[in-house]
Amino acid sequence: MPEIDGYECSACGLKLPAGQEGHFYVASDMGERVPCARHDESGTIARVLGVDEEIISSCAWNPASRRVPVDLMEERIGYISPCVCLECLTAFGLDLKRDARKCPACGNAGVKTELEIVDGPCPRCGEGRIYPSSAIPGSVPR
Ligand SMILES: [Zn+2]
Ligand SMILES: [Zn+2]
């Protein structure tokens, strides 16, 4: 599978960085966001929340299970979406349900998720569309 290493406009050549992949996280007691390890989501959640991993995995199979601290999980588990600032082109991750859409580098509110950017109109020229660099002919792979 080709790696996506960035996005660019088909018309003006504006380049946008590819951010990190989206991932789930669990907030610790201290409010620190611990990213869930890929393929070990339930293990990370169990560790951070201090509950038995069995309980977490049974929740995936049986969401109605009364043994599961569902409220706690709803409160503490979030999803980080990869975002890009359209002003300074910084790539970063945001929990769109909890975080304000604001660039941590320049403070600009013109922030879009990668999903919103890709295959959308170019924020600079408005004429081209944004595609993964690898999909644009003539773009030199890095
Ligand atoms: Zn453009
Ligand atoms: Zn910015």
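Me: Which rule decides that two strands pair, and how many bridges join β1 to β8?
Reply: Two strands pair if DSSP finds at least two bridges between them. Helices (H or I, at least four residues) and strands (E, at least two) are DSSP runs, numbered from the N terminus. Strand β1 covers residues 6–9 and runs antiparallel to β8, and the number of bridges joining them is 3.

Me: Happy to be here! What kind of model is this, and from which number are residues counted along each chain?
Reply: This is a predicted model, in which local features need pLDDT of at least 70 and side-chain atom pairs count only at pLDDT 80 or more, while totals for chains, interfaces and linings use all residues. Chains are lettered from A and ligands numbered from 1 in the order in which they are written, and residues are numbered along each chain, as its sequence is written, from 1.

Me: How many helices and strands does the chain have?
Reply: Let us walk along it. From the N terminus on, the elements run β-β-β-β-α-α-α-β-β-β-α-β. The secondary structure comes to 4 helices and 8 strands.

Me: What is the strand order in the open sheet of 3 strands?
Reply: β1 pairs with β2 in the antiparallel sense over 3 bridges, and β1 is also joined to β8 by 3 bridges. The edge strands, each pairing on one side only, are β2 (15–17) and β8 (130–132). The order is therefore, with two strands pairing if DSSP finds at least two bridges between them, β2-β1-β8.

Me: Which residue of β2 is the bridge partner of Y7?
Reply: β1 and β2 form a hairpin with 5 residues between them, and G13 in the turn has a positive phi of about 80°. On the β8 side, Y7 stands opposite P132. In β2, the bridge partner of Y7 is L16.
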